[in-house]
Amino acid sequence: MDGMGTMDSYFTSRRHRQLREHVRGFAELEVRPRIPAMEESRTTAHGISRLIAQQGWLGATIPESYGGMGAGHLAKTIIIEELSRVSGAMGAMLQASQLGVAKIVHFGNDEQKKTWLPAVAAGRCLPTIAVTEHESGGHVLGMAASALRDGDDYVLNGRKVYVGNSHVGDLHGVIVRTGPGSKGLTAFLVESDRPGFSLGEQQPAMGLHGFSFGELIFDNCRVPAANRLGAEGDGLSVAYSSSVLYGRANLTAVSLGIHQALVEETTRFCAERERYGKPLHALANVKIKLGQMQSRLMTARLAAYHAVHLLDQGVDCDAELMNAKVVNVESALDSARNAMEIHAAAGLFTNRPIERFLRDAHHIFAPAGTSDVQLLRLAEVALGTAKGSWSERLSELVRKEPPSPVQDVSLAEGRWGQVPPQRTHCVGKA
Ligand SMILES: Cc1cc2nc3c(=O)[nH]c(=O)nc-3n(C[C@H](O)[C@H](O)[C@H](O)COP(=O)(O)OP(=O)(O)OC[C@H]3O[C@@H](n4cnc5c(N)ncnc54)[C@H](O)[C@@H]3O)c2cc1C
């Protein structure tokens with residue numbers, strides 16, 4: 001019993017539900033047994049990250065014509081959610097590279113798409129998106145890392161921090177300065193084996209053990225101009241479209257999976273633990289807290305699925321995506337606190353997963369905009385001062401796409417849940 005009820009079937013098709021079952025089975029079989037080792041080592045879990053990538057799930061939104069699943073954003077949400085239900089770290093790992101797909105799908109030219117998307121879809125190449133710097137954070141225009149044109153190349157210098165999949169990624173999508181102001185940012189694809197590129201030492205974090213979100217260092221790193229994504233000056237659009245259209249939805253899905261796990265684990269605990277000769281949930285205050293958790297989870301799921309359903313329909317949904325992120329992050333944190341209270345002392349020990357869920361849930365607050373930033377943007381929606389809509393621009397962003405055999409992702413018969421065929425182009429580490 002996972003408390004999901006009929007909510008799921010309102011937005012999902014039979015194929016979404018099969019996909020959920022498939023990912024859940026994989027997560028239980030392959031991911032759960034590895035969690036103790038990930039928690040102990042507190043560093044990048046290379047093996048399981050690669051195994052997850054090989055399932056073809058990085059290609060959830062990559063068109064079938066490039067070897068992807070062509071399954072859409074709701075399917076992507078379900079995949080991330082189910083991995084995060086077992087391991088927030090592996091949900092975060094998967095979403096970070098799915099997020100790295102956005103910039104190639106939206107801004108890659110035909111050659112770049114043909115080169116990289118099949119390799120990503122097959123799980124042989126893990127992409128990232130690197131925007132954040134120590135001095136800029138959410139203030140993207142404050143970045144200082146730079147690229148200077150030198151003949152047919154660009155030379156990159158600077159550092160990026162908190163980059164999801166930093167230590168497992170093969171192809172970094174890096175936004176740097178090529179000039180002043182908002183038109184002075186440009187995006188590049190940088191392979192992880194390029195001379196002049198290195199990784200900072202991985203710092204242990206509070207949670208998401210197994211996932212890396214560390215530092216990328218560019219020291220006179222020479223990149224061919226053919227690796228530039230879009231035109232000079234497109235960098236801000238690359239960053240924002242990735243964050244708005246993929247980042248918010250993906251992190252929403254991680255929060256949702258952790259939230260689901262919190263409810264399931266706490267319900268189990270209540271049934272198993274006896275107080276006053278009865279199960280713990282016989283206490284009215286405990287039962288009410290459980291009810292609050294279930295209510296938050298249902299509302300969070302509704303917000304999450306509704307937003308990505310609209311995104312799949314190609315309609316304006318920037319506000320729904322922001323709302324889904326803030327509702328999911330905040331309500332998962334509130335439920336984590338309730339879960340800890342219900343567990344009392346038992347929740348503090350690492351032989352139970354509750355403290356891990358609490359730690360992991362905190363990591364989803366900052367990326368793709370903190371809750372404060374989402375609320376500021378939502379206030380602009382209320383005031384009628386919001387600046388444009390990325391979801392409305394989506395069809396314009398993907399207009400160069402060759403027609404995919406899948407026209408309606410919600411109905412099409414594709415290769416969901418199966419590993420895409422291997423292509424000859426191979427990059428990155430084995
Ligand atoms: C798990 C994880 C994964 C990540 N993955 C990536 C990734 O793949 N690529 C990448 O480039 N980065 C990534 N990041 C970085 C993430 O995007 C930043 O943490 C985020 O942009 C916020 O930056 P910051 O943490 O420096 O906080 P800051 O932006 O410095 O914010 C500090 C405080 O100021 C507030 N604040 C900031 N701006 C405003 C504003 N305009 N108005 C009002 N209040 C404001 C914030 O709400 C916050 O409370 C990741 C971070 C985490 C934790």
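Which strand is Glu215 found in? Glu215 sits in strand S7, which runs over residues 213-224. Keep in mind that this is a predicted model.

**Ligand: who surrounds it**
- The shell around the ligand is made of 17 residues, and the closest are Ile129, Val131, Thr132, Gly138 and Thr370.
- Sorted by class, the shell has ten nonpolar residues, six polar ones and one charged one.

**Ligand: polar pairs and cover**
- Thr132 puts a polar side-chain atom 2.6 Å from a nitrogen atom of the ligand.
- Gly138 works through its backbone instead: an N or O atom there lies 2.8 Å from an oxygen atom of the ligand.
- With Thr370 it's the side chain again, where an N or O atom is 2.7 Å from an oxygen atom of the ligand.
- On its own, the ligand would expose 980 Å², and the protein buries 64% of that.
- As for secondary structure, the elements that give two or more residues to the shell are strand S1 (127-130), strand S3 (153-164) and helix H12 (371-383).
- Why does the ligand count as lying between domain 2 and domain 3? Domain 2 (128-236) and domain 3 (238-389) both give residues to the shell, so the ligand lies between them.

**Helix H7**
- H7 covers residues 110-121, and its twelve residues should span 16 Å at 1.5 Å a residue. The C-alpha atoms at its ends are 16 Å apart, which agrees.
- Nine of the twelve residues are buried, so H7 is largely enclosed by the rest of the structure.
- The buried ones in H7 are Gln112, Lys113, Thr115, Trp116, Leu117, Pro118, Ala119, Val120 and Ala121.

**Helix H5**
- H5 takes in residues 73-86, 14 residues in total, and reaches 20 Å from its first C-alpha to its last. That's close to the 20 Å expected at 1.5 Å a residue.
- H5 is mostly covered, with 14 of its 14 residues buried.

**Back to Glu215**
- Is Glu215 buried or exposed? Its relative accessibility is 19%, and the cut-off for buried is under 20%, so Glu215 counts as buried.
- Glu215 and Asn165 are 50 residues apart in sequence, while their C-alpha atoms are 9.9 Å apart in space.

Methods. Residues numbered from 1 in each chain as written. Predicted model: local features only at pLDDT ≥ 70, side-chain atom pairs only at ≥ 80, totals over all residues. Heavy atoms only, no water. Near = heavy atom within 4 Å. Polar contact = N/O pair within 3.5 Å; in protein donor to acceptor, adjacent residues only side chain to side chain. Areas by Shrake-Rupley, 256 points an atom, 1.4 Å probe, with all protein chains shown as cover. Helix = DSSP H or I, 4+ residues; strand = E, 2+ residues; numbered from the N terminus. Nonpolar A, V, L, I, M, F, W, Y, C, P; charged D, E, K, R; others polar. Domains from an automatic or database assignment. Expected span 1.5 Å × (residues − 1). Buried < 20%, exposed > 50% of the residue type's maximum accessible area, 1.4 Å probe, protein only.
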